[in-house]
Amino acid sequence: SLAILLSQKNEVVAYDINKDKVDKINSRISPINDNYIIKYLNKKRLKLTATDDYSEAFRNADYIIICTPTNYNETYNSFDTSSIEDTIYKIKKINKHSIIVIRSTVPIGYTESLNRKEKKLKIIFSPEFLREGYALYDNLYPTRIIVGDDSNEARIFANLLYKAALKKDIPILYMNSVEAESVKLFANTYLALRIAYFNELDTYANQKKLNVKNIINGVCLDPRIGNYYNNPSFGYGGYCLPKDSKQLLQNYGNIPEKIIKAVVESNITRKKYIVSVIKKKKPKIVGIYRLIMKQNSDNFRDSSIQDIIKYLVNNNIKTIIYEPSVKTKKFLNCEVVNIFNDFVETSEIIVANRLDNKIMKFENKVFSRDIYNRD
């Protein structure tokens, strides 16, 4: 999304180790399900090429933007930043004079430590705030631009983002790198907190046999609360919220806190509660309808439903999965049944984190906490 955004006005070379993605971008085919990316690749004149040769990508670059994944390592209780360090090592071999901008999410204090170590390089941290399936839209209409540096190079980079966006009067904030890293983790942990809050509200309503939709609608009409991020689910998941909240908790160290730890633990509690409700129904075969995080997405990386599957399997409940994007016969040691009618017929209970018209035809079999996609 960032490569497409900037290539509207600048020469951009996108480097990726996945040759299939590289070939698709060069053929103007989107490698992910994102309507704006699909549209811009099809219709816009972009100064964009892709390569799997990092020397080709880095050699003549004025700015090199690192967007590599930083998965959370449960053993070390920290983000795995090795992909960033590997990229910086390659940059040092090819182009020491480029400005390096890290967009990957990192632990608080990481960029500062990198700059102490790599004194001959200029490394800037600038967080991105993107939603699944709306990444390019969120770059075109950003809520804010934050740069963890106040140098001339930082201001040039912020201006590149600003000029490429369609939204005008975008707030631009300059701060030090530690503060910018904190903004990213605190913002995502707040969103995780909000999801956890409405999930716990739903747990209460479900236990007390109350209409959860009535309660949530009544609560959210208060403009200070707002009607968003309030649809009950099986827990917050995806690539950002689980790992960012865990990383923030670790960054606290000995600093007093209660809420951040509660957010992380609440997500585990919610998933275990969902499984306990399913168990009480005593199903012989549970069908999992879709692994994806949300509707109109093709990504199920770290989706909350996967933990539900693991808990079900650990409780010796036979589980089958319907997910068209999975091409293997097994996933998480469960059979994948991708003939929809066979899946419905075999499943005693169909567990769906999010509902759609296809599955609602069999509502009598469906278990979900989704309250806004039922009508």
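Select Asp202 to start: at 0% relative accessibility, this residue counts as buried. You're looking at a predicted model, so every value on this tour is computed from predicted coordinates. Asp202 belongs to helix H9 (residues 177–207) while Arg369 lies in the segment after strand S15 (366–367), so the pair ties together parts that are 167 residues apart in sequence. Arg369 counts as buried too, at 14% relative accessibility.

Keep those two on screen and bring up Arg270. Salt bridges with shared partners join Asp202, Arg270 and Arg369 into one network.

Next, go to Lys243 and Asp244. This pair also forms a salt bridge, with the closest N and O atoms 3.4 Å apart. Are these two residues buried or exposed? Both Lys243 and Asp244 are buried.

For another setting, jump to helix H6 (residues 110–117) and pick Glu112 and Arg116. They sit 4 residues apart in that helix, about one turn. Their side chains meet in a salt bridge at 3.6 Å, N to O. Color them by accessibility: Arg116 counts as exposed at 52%, whereas Glu112 counts as partly exposed at 39%. If you'd like the complete set, a search of the whole structure finds 17 salt bridges.

Select Phe58, which is found in helix H4 (residues 54–58). Phe58 is buried, with a relative accessible area of 6%. What does Phe58 touch, not counting residues up to four places away in sequence? Show Tyr15, Ile64, Thr87, Lys90, Ile91, Ile94 and Asn95 and you have the list. Draw a distance from the C-alpha atom of Phe58 to that of Lys90: they are 32 residues apart along the chain and separated by 8.6 Å.

Now for some backbone angles. Most residues other than glycine have a negative phi. Select Arg290, in the loop between strand S10 (285–289) and helix H13 (304–314). Phi of Arg290 is near 75 degrees, a positive value in a residue that isn't glycine. Arg290 counts as partly exposed, at 21% relative accessibility.

Follow the chain through H13 to the loop between that helix and strand S11 (318–322), where you'll find Asn316. Asn316 also has a positive phi, of about 60 degrees, although it is not a glycine. At 73% relative accessibility, Asn316 counts as exposed.

Finally, zoom out and switch to cartoon. The protein chain has 15 helices and 15 strands. Its radius of gyration is 22 Å, close to the 21 Å the globule rule gives for 375 residues, so the chain is as compact as a globular protein of that length. Along the principal axes, the C-alpha atoms fill a box of roughly 65 × 50 × 40 Å. Of the 375 residues, 49% count as buried.

Last stop, the surface. The protein chain exposes about 19700 Å², with carbon and sulfur atoms supplying 50% of it. Color by charge and you'll have 59 positive and 42 negative side chains to look at, with the centres of the two sets 3 Å apart.

Notes
Residues are numbered from 1 along each chain as its sequence is written. This is a predicted model: local features need pLDDT of at least 70, side-chain atom pairs count only at pLDDT 80 or more; totals for chains, interfaces and linings use all residues. Side-chain values use heavy atoms; hydrogens and water are left out. Helices (H or I, at least four residues) and strands (E, at least two) are DSSP runs, numbered from the N terminus. The radius of gyration is taken over C-alpha atoms; the globule rule is 2.2 Å times the number of residues to the power 0.38. Buried means under 20% relative accessible area, exposed over 50%, partly exposed in between (1.4 Å probe, protein chains only). Accessible areas come from the Shrake-Rupley method with a 1.4 Å probe; for residues, only the protein chains shown count as cover. Lys and Arg count as positive and Asp and Glu as negative; His and the chain ends are not counted. The place of a charge is taken as NZ of Lys, CZ of Arg, CG of Asp or CD of Glu. A salt bridge is a side-chain nitrogen of Lys or Arg within 4 Å of a carboxyl oxygen of Asp or Glu. Contact means heavy atoms within 4.5 Å.
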